[in-house]
Amino acid sequence: MTDRTITKENPYKICFVCLGNICRSPTAEGIFQHLVNERGLQPYFYIDSAGTSAYHIGEPANSKSRDVAHKHGVELRSRARKFTANDLEEFDMILAMDHENLHNIRQLDSRNQYSGKITLMRNFDPEPGDGAVPDPYYGGMDGFQHVFDVVKRSCENLLDELEENIQK
């Protein structure tokens, strides 16, 4: 996953990516930030999220995503932005929420320079299913809760792995 040491001077940069950047990826960003905060690891990470589309630029996370997260003590503070080719270079790890967004991210990597840092979020889920975090946008609250649960499991495992590379 990462072969470099994570330090305060060289924090690990993670970007979570879905389609519109209002449901799944801001949920992942918020959960990961919450877990980092709980473990006192804030100086070691830079956490962001983005969407492969420009549908919702500047908007806060979906109200249902925010409500479910808030129920679990997690705040979703991000504003939607579009993932760009510059993000490929900027981030150490880019986590796509599903296969379509994974494909869209890889399309931006025309010279295949960054393939080692692009992966599916559910690669860190002990119950990966089909590898996709389902889009809850058109569903009810149960869908948003399911996304929260899937993303939380994945974020916990991801942070456990990354924490092994932190030099305090």
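This is a predicted model: local features need pLDDT of at least 70, side-chain atom pairs count only at pLDDT 80 or more; totals for chains, interfaces and linings use all residues.
How many helices and strands are there in the protein? There are 5 helices and 4 strands, where helices (H or I, at least four residues) and strands (E, at least two) are DSSP runs numbered from the N terminus. Residues are numbered from 1 along each chain as its sequence is written, and side-chain values use heavy atoms, with hydrogens and water left out.

Along the sequence, the pattern reads β-α-β-α-α-β-α-β-α.

Let me turn to strand 2, where 6 of the 7 residues are buried, buried meaning under 20% relative accessible area with a 1.4 Å probe and protein chains only. Strand 1 and strand 2 run parallel and are joined by 7 bridges, and strands count as paired if DSSP finds at least two bridges between them. Within this pair, Phe16 has Ser49 of strand 2 as its bridge partner.

Helix 5, residues 141–163, has 23 residues and reaches 32 Å from its first C-alpha to its last, close to the expected 33 Å, which is 1.5 Å times one less than its number of residues. Its buried residues include Phe144, Phe148, Val151, Cys155 and Leu159, and the buried residues of helix 5 pack against strand 1, helix 1, strand 2, helix 2 and strand 3, with contact meaning heavy atoms within 4.5 Å.

Finally, for the protein as a whole, 50% of the 168 residues count as buried.
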